[in-house]
Amino acid sequence: LQREVFNALLLDSGRPVLAIPPGARLALPARSAIVAWQPRREATRTLHDALALLQPAASVHVVAVDPRTGPQGY
């Protein structure tokens, strides 16, 4: 059930999801962050909503897994 809820939040909510590994200590503002990216409207909206969390970070890495390129950029 936890995996299903996490997947639904991550893929269907259209909102930022802050994932913290078990046993890790939350320190805000974050020193570094990873952003999963797809060139879609939902990802743009989510990234915009997450800017307040990302701006103070010393580094932000944008990751696109298995990107496809074509005339529309995805």
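A residue is called exposed when its relative accessible area is over 50% and buried when that area is under 20%. The legends below apply these terms to a predicted model.

**Figure 1. Ala19 in the loop between H1 and E1.** Ala19 belongs to the loop that lies between H1 and E1. Its relative accessibility is 52%, and therefore Ala19 counts as exposed. In sequence, Ala19 and Phe6 are 13 residues apart; in space, their C-alpha atoms are separated by 9.2 Å.

**Figure 2. The cis peptide bond from Leu28 to Pro29.** The bond that joins Leu28 to Pro29 is cis, and its omega is near 0°. Pro29 is placed in the loop between H1 and E1.

**Figure 3. Overview of the protein.** Two helices and two strands make up the secondary structure, and along the sequence they follow the pattern α-β-α-β. The protein has 74 residues, of which 9% count as buried. Its accessible surface is about 6,600 Å², and carbon and sulfur atoms account for 57% of that surface. When contacts between residues at least 6 apart in sequence are considered, 69% of them join residues at least 24 apart.

**Figure 4. Helix H2, residues 41–54.** With 14 residues at 1.5 Å a residue, helix H2 should span 20 Å; the C-alpha atoms at its ends are 19 Å apart, which agrees with that expectation. At His48, H2 bends by about 30°.

Figure 5. In H2, the buried residues are Ala43, Thr46, Ala50 and Leu54.

**Figure 6. The largest pocket and its lining.** The space in the largest pocket comes to about 1,600 Å³. Its lining consists of 43 residues, and those nearest the centre of the pocket are Leu10, Val17, Ile34, Val35 and Ala36. Helix H1 (2–12), E1 and H2 are the elements that give two or more residues to this lining. H2 provides the largest share, with seven residues.

Key
Residues are numbered from 1 along each chain as its sequence is written. This is a predicted model: local features need pLDDT of at least 70, side-chain atom pairs count only at pLDDT 80 or more; totals for chains, interfaces and linings use all residues. Side-chain values use heavy atoms; hydrogens and water are left out. Helices (H or I, at least four residues) and strands (E, at least two) are DSSP runs, numbered from the N terminus. Buried means under 20% relative accessible area, exposed over 50%, partly exposed in between (1.4 Å probe, protein chains only). Contact means heavy atoms within 4.5 Å. Accessible areas come from the Shrake-Rupley method with a 1.4 Å probe; for residues, only the protein chains shown count as cover. The expected span of a helix is 1.5 Å times one less than its number of residues. The bend at a residue is the angle between axes fitted to the seven residues ending there and the seven starting there. On a 1 Å grid over the protein atoms alone, a cavity is a set of points where a 1.4 Å probe fits but cannot get out, and a pocket is an open set with protein on both sides within 12 Å along at least five of seven lines; lining residues have an atom within 4 Å of a point. Grid points are joined across faces, edges and corners, and a volume is the space filled by probe spheres set on the points.
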